[in-house]
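Let's take a walk through this one together. Have the structure open and follow along.

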Amino acid sequence: MQLCGVCSEHVPKYRCPSCRIRYCSVSCFKRHKDDDSCHPVKESDPASSSSTPVTSAEQPWTVEDLLDEDSQTDKVPLQKLQQLGGSEALKGLLRNPHLRRLMMSVDSAEDKARAMKHAMQEPLFVEFADQCLKIIEPTETENDDDDDEF
């Protein structure tokens, strides 16, 4: 069984898009990025960046690029994705034009890892990421807190 590459305490559920280290939470991701221990994996040979047509190896990363062939732990089940879509808290955050611009800049960035690192410096983006994780992976205390709200 693998452990988080940052805290070495929990089973990792995510992978850094830059260096592919596995981590267990947003706080470990932040710690990893803040420690400057992220060393991007080279994606293509500089010699191949001539005027030849773009190959599939030079395309932007995809979710499948971040996963090992036998790794299913990095994938979010459809039911959880649907819960994200129904979250009033996320809808409220997404009404903020600044957050939408941040998300579009990450999505359209050539260097997605750098764009994500920049976005994670914005408290609003961190709040959005934390809210997503609360929905995808609620902890026992969050479940108890949710019961108190109703």
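What follows is a short tour, from an annotated stretch to a lysine, some rings and a bit of surface.

Keep in mind that this is a predicted model.

Now look for Lys-33, which is part of helix 1 (residues 26-34). Is Lys-33 buried or exposed? Its relative accessible area is 7%, so Lys-33 counts as buried, given that the cut-off for buried is under 20%. Who does Lys-33 touch, once you set aside neighbours within four places in sequence? The contacts are Cys-16, Ser-18, Cys-38 and Lys-117. Take Cys-16: 17 residues separate it from Lys-33 in sequence, while the C-alpha to C-alpha distance is 9.3 Å.

Next, the rings. The model has three aromatic pairs. One of them joins Tyr-23 and Phe-29, with centres 5.3 Å apart and planes at 40°, so the pair counts as tilted. Both partners are tucked away: Tyr-23 is buried at 10% relative accessibility, and Phe-29 is buried at 6%. Ring pairs also bring in Tyr-14, giving a cluster of Tyr-14, Tyr-23 and Phe-29.

Finally, head out to the surface. Val-76, Leu-78 and Leu-81 make up a nonpolar patch there, with about 260 Å² of accessible area together. Val-76 lies in the loop between helix 2 (63-66) and helix 3 (78-85), and because its relative accessibility is 34%, Val-76 counts as partly exposed.

How values were computed: Residues are numbered from 1 along each chain as its sequence is written. This is a predicted model: local features need pLDDT of at least 70, side-chain atom pairs count only at pLDDT 80 or more; totals for chains, interfaces and linings use all residues. Side-chain values use heavy atoms; hydrogens and water are left out. Patches are made of residues with over 30% relative accessible area and no salt bridge: like charges are joined within 9 Å, nonpolar side chains (Val, Leu, Ile, Met, Phe, Trp, Tyr) within 5 Å. Accessible areas come from the Shrake-Rupley method with a 1.4 Å probe; for residues, only the protein chains shown count as cover. A salt bridge is a side-chain nitrogen of Lys or Arg within 4 Å of a carboxyl oxygen of Asp or Glu. Helices (H or I, at least four residues) and strands (E, at least two) are DSSP runs, numbered from the N terminus. Buried means under 20% relative accessible area, exposed over 50%, partly exposed in between (1.4 Å probe, protein chains only). Contact means heavy atoms within 4.5 Å. Rings of Phe, Tyr and Trp (its six-membered ring) pair if their centres lie within 6.5 Å; planes under 30 degrees apart count as stacked, over 60 as edge-to-face and the rest as tilted.
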